[in-house]
Amino acid sequence: MIRSHTEFSDGLITARSFAAEDPNDIWKGYFDFGLVGVSWDKRCTAISKCKSLSFGSTALITPKTAVSLELLSSHYAIVYDTCHSRSELCNVLEAETETLSSTYERVRSLFWAAVGEANRTTPAKIFIDVSTCPRYLSLGLLREALFSGIVSEVCLGYSEGKYPEATPSYNDLEEISFSDGAFQALPVPGYFGEFEPSKGRLFIVSLGFDGWKTLNLLIRKEPERVLALLASPGGAPDYEERALSANAALFERFGLSSDNVLRATSGDAIEAWRKISEASLEDVEKENIYYLCSGNKPHSIAFALRALSLESPTLLYNSPLKHLPLDIDFNGNFWMYSVKPVAGTVLG
């Protein structure tokens with residue numbers, strides 16, 4: 001059963017969120033182009049449950065790794081069979097953390113090949129499963145599609161995860177680490193923002209379980225002001241408390257209090273976008289604004305939509321040295337975010 005949650009418009013963009021207990025209820029229809037990620041995370045297989053989902057062309061992103069992982073191979077087989085059987089053309093791209101920019105250019109090229117034919121007379125639609133796809137790719141494509149003049153709707157699917165119990169980590173913080181090595185903040189393609197040396201730096205960071213790595217990155221950036229976005233309520237009763245515990249040192253280092261924290265439902269990207277927009281805590285005249293994607297995927301989408309609405313902020317992707325395999329299962333909640341350009345397309 002479909003549950004409609006939030007609708008919001010700001011600037012050139014309008015969006016709605018939908019939730020269901022079965023992705024088959026909300027991930028449906030024909031899309032000219034699809035972007036899907038493969039992972040050891042079981043959520044990447046959600047697309048196989050959707051019987052009424054089909055594509056003109058798909059880009060299937062799989063991590064390039066020297067480690068043979070049975071779980072990754074099993075998931076790849078499921079997702080590949082699904083995309084191959086439901087697409088006129090299925091393209092498999094291996095992605096490395098160090099070369100995501102070149103992978104994005106290949107995704108962008110495939111997108112334009114799918115939607116940019118000279119004789120097109122109807123607007124295109126694209127689908128992105130953001131659950132396990134690198135944000136650098138999914139959010140970059142979101143912007144490319146919305147401002148293409150050809151795409152009338154971008155649908156982003158998301159599967160909420162059931163995360164394992166936290167284990168002791170750096171400085172005895174209780175957290176899950178999804179990656180190895182220090183974070184490096186990379187601007188997402190198309191979200192480079194504006195920089196004025198005379199202005200201060202505001203970082204708005206979404207809070208996840210990798211607390212000490214986020215803190216390490218922020219210290220290196222030396223921001224004048226820090227605000228936070230917290231998943232509240234979280235995807236499970238204890239997730240909010242775990243995120244706060246993992247980021248306790250960050251709160252202490254930058255003097256954050258409840259007044260500096262925005263709260264939005266864990267899975268609802270459009271609610272989070274609305275709350276960020278209505279709070280309007282950014283000072284565009286005095287600050288260089290950065291949104292740092294350290295939390296969940298829906299809140300990263302919210303940051304992307306806010307950045308596109310304001311135009312001046314920079315959207316940063318936390319690039320790790322490498323990603324760590326984690327066996328994450330479905331928690332039973334699935335989302336669809338329908339994002340549209342208010343002005344429509346050049347095709348009417």
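**Figure 1. Cysteines in the predicted model: no disulfides.** A search of the whole structure, which is a predicted model, finds zero disulfides. A disulfide is a covalent bond between the sulfur atoms of two cysteines. For a pair to count here, the two sulfur atoms must lie within 2.5 Å.

Figure 2. Which cysteine has the sulfur closest to that of Cys155? The closest cysteine sulfur belongs to Cys50, at 12 Å, and this is too far for a bond. Cys155 has a relative accessible area of 5% and is therefore classed as buried, since the limit for that class is under 20%.

Figure 3. Cys293 is buried, its relative accessible area being 2%.

Figure 4. Phe147 sits in the loop between helix 3 (135-146) and strand 7 (151-162).

Figure 5. Once neighbours within four places in sequence are left aside, Phe147 is in contact with Leu12 and Leu308. Lys340 is 193 residues from Phe147 along the chain, yet the C-alpha atoms of Phe147 and Lys340 are separated by 9.9 Å.

**Figure 6. The whole chain, as context for the close-ups.** The secondary structure of the protein consists of eight helices and 18 strands. The C-alpha trace spans about 55 × 45 × 40 Å along its principal axes. A compact globule of 348 residues would have a radius of gyration near 20 Å, so the 19 Å of the protein agrees with that expectation. Of the contacts with a separation of 6 or more, 81% join residues 24 or more positions apart.

Figure 7. Buried residues make up 55% of the 348 residues; Cys155 and Cys293 are among them. The protein exposes about 14500 Å², and carbon and sulfur atoms supply 50% of this area. There are 32 positive and 44 negative side chains. The centres of these two sets lie 2 Å apart.

Technical notes. Residues numbered from 1 in each chain as written. Predicted model: local features only at pLDDT ≥ 70, side-chain atom pairs only at ≥ 80, totals over all residues. Heavy atoms only, no water. Helix = DSSP H or I, 4+ residues; strand = E, 2+ residues; numbered from the N terminus. Rg over C-alpha atoms; globule rule 2.2 N^0.38 Å. Buried < 20%, exposed > 50% of the residue type's maximum accessible area, 1.4 Å probe, protein only. Contact = heavy atoms within 4.5 Å. Areas by Shrake-Rupley, 256 points an atom, 1.4 Å probe, with all protein chains shown as cover. Lys, Arg positive; Asp, Glu negative; His and termini not counted. Charge placed at Lys NZ, Arg CZ, Asp CG, Glu CD.
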